[in-house]
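Here are some notes for a colleague who is opening this structure for the first time. Please read them as numbered points, with the sequence and the structure at hand.

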Amino acid sequence: MNNITDFVVPWVKSAEPYSDKHMDVAWANPEIIRMMSNENLLTPSENVLQAIVEAARLGNLYPGSGPELRKKLGEAAGLTGEHVVLGNGSTDVINFVVHTFVSPGAEVVIPVPTFPMYEARVKVAGGTVVQVPMKPDFTWDIEMILKAVTPKTKLIFTCSPNNPTGNQFPLEDLKRILALGKPTFFDEAYYELENEVETRAPMILEYPHMMVNRTFSKAFGLAGLRIGYILCDPALASYFNRVRFPWNVSQIAIAAALAALDDKADQELKRKNVILGRETIAAEINKIPGFKALPSEGNFVLIDASALGEDSLTIRDRMAEKGIYIRPMSGHNMPMGFIRITVGTPEQNKLFIQTFKQYIRETREK
Ligand SMILES: Cc1ncc(COP(=O)(O)O)c(C=O)c1O
C-alpha cells in the first residue's frame with residue numbers, strides 16, 4: 001500500500017510549519033505577560049466593542065468584500081476603494097500575494113532578518129527563497145539585494161518599519177528596487193507607529209507593480225479579529241480577488257475595523273502607549289553595561305543580550321519561568337542572544353525591565 005505522505009506535493013512536504021504553538025501555550029497560561037508576538041497589549045475600545053456586538057446580531061449573513069471600509073482605506077492613502085483588497089489579517093494578504101506570483105521553482109528575494117511568514121508562505125507555494133542578510137549594523141545591503149534579483153525572481157519582499165529591527169526601509173533603496181519592474185511587496189504593518197508617520201502607498205500610482213501591506217493587528221489592536229489589507233493597482237487587485245477566498249474577512253472584523261478607524265482618541269492612546277513604551281524599554285536596556293537596544297519605530301524593541309552568554313531560547317525559557325514571554329531571535333536569521341520584546345502597558349514594561357535585570361544578576365552570579 002502507498003504511504004499517504006507520498007501523495008503530498010514535495011514543496012509542502014519539505015516546508016517547515018510556521019508554528020502557532022506558542023500562542024496555545026500563552027492562552028493556556030494567561031498569567032504570563034505576552035511580550036512575544038507584537039500584539040497591542042491594550043484591549044479594544046468601547047466603541048469597537050459596541051460595533052462588534054451590533055455586527056454579531058447579523059452573524060447569520062455572509063459578509064461581502066467590505067466596500068465601505070475599502071473606500072475609506074483607499075481614500076485615506078490618496079487612492080480609491082478599487083485599490084484595496086481585505087485579508088484575514090495581513091498574513092492572509094501575504095498568502096494570496098505569494099500564490100498570485102509564485103509557482104514551484106520561482107525565486108523570491110527576502111532581506112533578512114524580517115517577518116518569517118514571507119519565507120514560510122513562499123515555501124508552501126514551492127518557491128525558492130533567496131535570502132539577503134542585512135549588514136551587521138542592521139541596515140539593508142541594497143547592492144546585494146539588487147544582485148540577488150535574477151530573471152527567475154517573481155517577487156521581492158521589503159518591510160518598513162522592519163520586524164524585528166524596527167528601522168525604516170530607505171526611500172532611495174526602494175526606488176532602486178522598483179526600477180527593476182518586479183512585483184515588490186512593501187509591508188507597512190507598523191507604519192502608524194512611526195515617529196513621523198509617512199506612508200509610501202501613493203507611490204503605487206507611479207509604480208503599479210508595488211503593493212503596500214497594512215494590518216489592524218498592531219496600532220489598532222485588533223489582532224484577534226484578523227483583518228489586514230493590501231493597497232495596490234486595481235489590475236493587481238482583480239487577480240488577488242481571484243486567489244483569495246470569498247468571505248475571507250468576517251463582518252465582525254469589518255465592523256470593528258470601521259469603528260477603530262473612527263475612534264481617533266483610542267488611536268492616539270494606543271500610539272502614545274507604544275511610543276513611550278519603546279523609548280522607556282530602550283533607554284533602560286541601554287543603561288545596562290554590555291546590553292544594547294535598537295531604536296524602533298514599531299511596537300517592539302530588539303535587544304542584543306549576547307552579553308549574557310546564553311542562547312535566546314534559554315533566555316526565553318528563563319524569562320517565561322519568571323512570568324514574561326519574550327521572542328527569541330536565534331531562529332530568525334539572527335546571532336545567538338538577540339531577543340525581541342513587545343511593548344506592553346507602562347506597568348508591564350517596568351516589570352519586564354525589573355525581571356530582566358534580575359535575570360542578568362542571577363546569570364552573572366552563576
Ligand atoms: C511585518 C509584519 N507583517 C505582517 C504581520 C501579520 O500581521 P496580521 O496577520 O496579524 O495582520 C506581522 C505580525 O507580526 C508583521 O510583523
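1. Pro-161 sits in the loop that runs between β5 (153-159) and α8 (171-178), and in this predicted model the peptide bond that joins Ser-160 to Pro-161 is cis, with omega about -5°. A cis peptide bond also joins Val-112 and Pro-113, where omega is about 0°, and Pro-113 is placed in the loop between β3 (107-112) and α6 (117-124).

2. Which residues does Glu-194 touch, not counting residues up to four places away in sequence? Pro-161 is one of them, and Gln-168 and Glu-297 are the others. Glu-194 and Glu-362 are 168 residues apart along the chain, and their C-alpha atoms are separated by 36 Å.

3. Phe-138 is found in the loop between β4 (128-133) and α7 (142-148), and it is partly exposed, since 17 other C-beta atoms lie within 10 Å. The other is Arg-226, whose phi is near 65° and whose place is the loop between β7 and β8 (228-231). Is Arg-226 buried or exposed? Arg-226 counts as buried because it has 20 C-beta neighbours inside 10 Å, and 20 or more is what that class requires.

4. The protein is divided into domain 1 (18-43 + 265-365) and domain 2 (46-262), and the centres of the two domains, taken over C-alpha atoms, are separated by 25 Å. To the contact between them, domain 1 gives 23 residues and domain 2 gives 24 residues. On the side of domain 1 that touches domain 2, the elements that give two or more residues are α11 (264-286) and β10 (300-304), and α11 has the largest share, with four residues. Sorted by class, that side of domain 1 holds ten nonpolar, eight polar and five charged residues.

5. How many residues does the largest nonpolar core have? It has 92 residues, and those with the most contacts inside it are Val-97, Met-211, Ile-230, Ala-256, Ala-257, Ile-303 and Ile-341. Helix α10 gives the most to this core, with eight residues. The core draws at least three residues from each of domain 1 (18-43 + 265-365) and domain 2 (46-262).

6. Ala-257, which is among the residues with the most contacts inside that core, touches Leu-69, Phe-216, Leu-222 and Ile-227, not counting residues up to four places away in sequence. Ala-257 also takes part in the packing of two helices, in which Glu-68, Leu-69 and Lys-72 of α4 meet Ile-254, Ala-257, Leu-258 and Leu-261 of α10. The residues of this contact of α4 with α10 divide into five nonpolar and two charged, with no polar ones. The two helices, α4 (residues 67-76) and α10 (residues 251-262), pack at an angle of about 35°, and their axes are 10 Å apart. The crossing of α4 and α10 is left-handed.

7. A last point concerns two residues that can each be set against Tyr-18. Ala-120, in helix α6, is 102 residues from Tyr-18 along the chain, while the C-alpha atoms of Ala-120 and Tyr-18 are separated by 6.3 Å. Ala-120 touches both Glu-16 and Tyr-18, not counting residues up to four places away in sequence, and it counts as partly exposed because it has 19 C-beta neighbours inside 10 Å. Pro-289, in the loop between α11 and β9 (292-293), is 271 residues from Tyr-18 in sequence and 35 Å from it in space, C-alpha to C-alpha. Why does Pro-289 count as exposed? Pro-289 is in that class because it has 7 C-beta neighbours inside 10 Å, and a residue is exposed with 12 or fewer.

Key. Residues numbered from 1 in each chain as written. Predicted model: local features only at pLDDT ≥ 70, side-chain atom pairs only at ≥ 80, totals over all residues. Axes fitted to C-alpha atoms, helices over the stretch in contact; angles between N-to-C directions. Left-handed = near helix turned anticlockwise from the far one by under 90°. Contact = placed C-beta atoms within 7 Å. Nonpolar A, V, L, I, M, F, W, Y, C, P; charged D, E, K, R; others polar. Core = buried A, V, L, I, M, F, W, Y, C linked by C-beta atoms within 7 Å. Domains from an automatic or database assignment.
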